[in-house]
Amino acid sequence: MDTKILLENGTNELEILEFEVAGNFYGINVSKIREIIPYQPVTPIPNAHPSIEGIFMPRDFMITAVDLSNCLQRGESKPEGLFIVTNFNKLDIAFHVDTVVGIHRVSWADIIKPSAAVGTVDDGISTGIININGKLIIILDFEKIVADINPETGLKVSELDSLGERARNETPILIAEDSQLLNKLLRDCLERAGYSNVISCENGQEAWDILCDCKKRGILKDSIKLIITDIEMPQMDGHHLLKQIRSDEEMEDIPVIIFSSLVNDDMKRKGEALGANAQLSKPEIGRLVKEIDALIL
């Protein structure tokens with residue numbers, strides 16, 4: 001199955017792969033997928049997390065297999081179905097699912113935040129909900145699923161210790177990150193690194209509204225000196241936000257750093273074409289601070 005379907009840059013669209021687990025329907029951004037393969041036996045890992053089925057080598061590299069049904073509190077999967085092999089945050093992980101339904105091209109503007117919809121047991125590991133022909137599909141937060149299994153895959157806060165003592169810096173930085181947990185962690189990390197004037201918002205649309213308001217009030221140049229944005233966000237994604245910024249004469253020179261789990265070769269090409277100043281994978285908090293330093297000091 002070809003999962004490398006490239007869209008025009010900055011369209012605020014994405015492609016969602018719909019799949020089934022224990023009779024329920026979920027979605028994953030196609031950009032995270034390397035391939036989809038039939039289930040194959042795995043080698044169990046002693047003392048592993050209950051959601052880890054084991055490891056296997058489909059070719060010349062080893063992959064960890066995660067039982068998605070177990071993660072979603074739906075019981076353990078049977079030794080059948082499919083593996084959705086993913087790559088994000090520089091990790092190769094296979095998620096065990098029952099079946100794959102198909103691919104839907106949707107707009108981020110149509111994705112509803114879970115908090116604005118009905119509560120479910122999956123709220124904690126969902127980035128949004130999309131209505132496809134009357135069917136509600138929950139888009140899962142695969143980064144959080146993996147971080148819950150192994151916290152070491154999250155932001156590498158320990159990297160900040162190597163930066164040593166740093167002076168306080170009041171340069172205003174705007175963050176667009178839809179994960180409440182990562183949003184707070186990012187703010188805390190920047191505070192530890194000396195950057196104390198951080199404005200945070202939940203998606204690209206909120207960030208764009210702040211930028212437009214500052215522009216309207218004539219305070220843009222003093223209010224926002226640098227922008228850090230995720231790629232995957234409801235309402236407006238990071239690529240579309242970057243496209244809007246680079247298309248505005250008063251905003252086009254503001255440095256923009258893409259900080260996302262989706263920074264792979266394909267996404268880097270898109271970010272470069274749109275004018276990103278830097279693109280980093282989410283665990284690399286130390287490198288993020290160094291990029292900020294280089295862009296604004």
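Q: What makes S5 and strand S7 (residues 91–97) a pair?
A: In this predicted model, four bridges link S5 and S7 in the parallel sense. Two strands pair if DSSP finds at least two bridges between them, so the label holds. Within this pairing, Val66 stands opposite Phe95 in S7.

Q: Why is strand S5 (residues 63–67) called largely enclosed?
A: Four of its five residues are buried, so the rest of the structure largely encloses S5. Buried means under 20% relative accessible area.

Q: How do you know that strand S4 (residues 52–56) pairs with S5?
A: Four bridges join S4 to S5, and the two run antiparallel. The cut-off is at least two bridges, so they count as paired. Ile55 has Thr64 in S5 as its bridge partner. A hairpin of six residues connects S4 to S5.

Q: Why is Asp253 called exposed?
A: Its relative accessibility is 62%. Exposed means over 50%, so Asp253 qualifies. Asp253 sits in the loop between helix H6 (238–246) and strand S14 (256–259). With Glu249, Glu250 and Glu252, Asp253 forms a patch of negative charge on the surface.

Q: What makes S1 and strand S8 (residues 99–107) partners?
A: Eight bridges join S1 to S8, and they run antiparallel. The requirement is at least two bridges, so the pairing stands. Here Leu17 is opposite Ile103 in S8. Strand S1 (residues 13–21) is also mostly covered, with seven of its nine residues buried.

Technical notes. Residues numbered from 1 in each chain as written. Predicted model: local features only at pLDDT ≥ 70, side-chain atom pairs only at ≥ 80, totals over all residues. Heavy atoms only, no water. Buried < 20%, exposed > 50% of the residue type's maximum accessible area, 1.4 Å probe, protein only. Patch = residues over 30% accessible without salt bridge, like charges linked within 9 Å, V, L, I, M, F, W, Y side chains within 5 Å. Areas by Shrake-Rupley, 256 points an atom, 1.4 Å probe, with all protein chains shown as cover. Salt bridge = Lys/Arg side-chain N within 4 Å of Asp/Glu carboxyl O. Lys, Arg positive; Asp, Glu negative; His and termini not counted. Charge placed at Lys NZ, Arg CZ, Asp CG, Glu CD.
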